[in-house]
Amino acid sequence: MSNLIQFVANYDDLSTDKGFQFKFHCDKCRNGHMSRFQPNAVGIAGELMRAAGSLFGGYFSDAGSAAYHVQRAVGGKAHDDALEKAVQEGKTYFKQCTRCGHWVCPDVCWNHQAGLCEDCAPDEQEELAAQQRLAARDQIYTKTREQDYTQGLDFLNKGGLQQCPSCQTKLAAGQKFCPSCGTANPGAQAQAKDRFCGNCGAGMKPEQKFCAECGSKQ
């Protein structure tokens, strides 16, 4: 069966005691072709009868012998002949690249103009479009990182992250009441006791006589 090596490196053996069937895959995209089911008419009845005899007509220790006969029922020359027939059928649905030797599906992975698989001879328009998308992705990645999206964020949490004690709505610094439920903000109430500049509204310490923001006398 050396003539099969060129094609059977990528397939699934779906054979059972009822017959033989194989699924061959494209080496590139894994698209597949299912071979036609071939009934196993060569020696299967005798082998399965011997398997049943080993399992039920003898001791339980004969289970290994039964498994051996079942394996023979789906293996051997009948299996090899079925595989060879399936390979000859399957080869008509794939093309072999003379450069790399891979068998690929003609609809997706074959460059008909070059007569090679698309791994060896990519389609120029497809490759151009793919590289453009890759370049656009890289440029978006770079440009988004050039922007500062964190301006105004209080990384040190100087103002303190405040939430409404009733509904957990996020509250802005200085908000005295929750805009969602109207509950008083204890943090703002405490801040309200502090001094504020009468000119610009900046917060002031009790001992300050002039505003540190606008210089107004208080």
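Tutor: Three strands make up an open sheet, ordered β1-β3-β4 and paired in the antiparallel sense; strands here are DSSP E runs of at least two residues, helices are H or I runs of at least four, and both are numbered from the N terminus. Two strands are taken as paired if DSSP finds at least two bridges between them. The edges belong to β1 (11-13) and β4, each with a single partner strand, so one side of each has no neighbour in the sheet. On average, neighbouring strands here are turned by 15 degrees against each other, direction ignored; the axes are lines fitted to C-alpha atoms, for helices over the stretch in contact, and angles run from 0 to 180 degrees between N-to-C directions.

A word on the source: this is a predicted model, where local features need pLDDT of at least 70 and side-chain atom pairs count only at pLDDT 80 or more, while totals for chains, interfaces and linings use all residues. Residues are numbered from 1 along each chain as its sequence is written, and side-chain values use heavy atoms, leaving out hydrogens and water.

Back to the strands: β1 and β3 (residues 22-25) pair antiparallel over three bridges, and there aspartate 12 stands opposite lysine 23 of β3. Helix α3 (residues 76-90) lies across β1, β3 and β4 and runs at about 40 degrees to β3.

Now look at histidine 33, placed in β4 (residues 32-34). Histidine 33 counts as buried because its relative accessibility is 11%, where buried means under 20% relative accessible area, exposed over 50%, and partly exposed in between (1.4 Å probe, protein chains only). Leaving aside residues up to four places away in sequence, histidine 33 touches Phe22, Lys23, Phe24, Glu89, Gly90, Tyr93 and Phe94, a contact being heavy atoms within 4.5 Å. With glutamate 89, the side chain of histidine 33 also makes a side-chain polar contact at 3.1 Å; such a contact is a pair of N or O atoms within 3.5 Å, and within protein one must be able to donate a hydrogen and the other to accept it, with residues adjacent in sequence counting only if both atoms are side-chain atoms.

To set this part in context, the chain has five helices and 13 strands, and buried residues make up 26% of its 218 residues.
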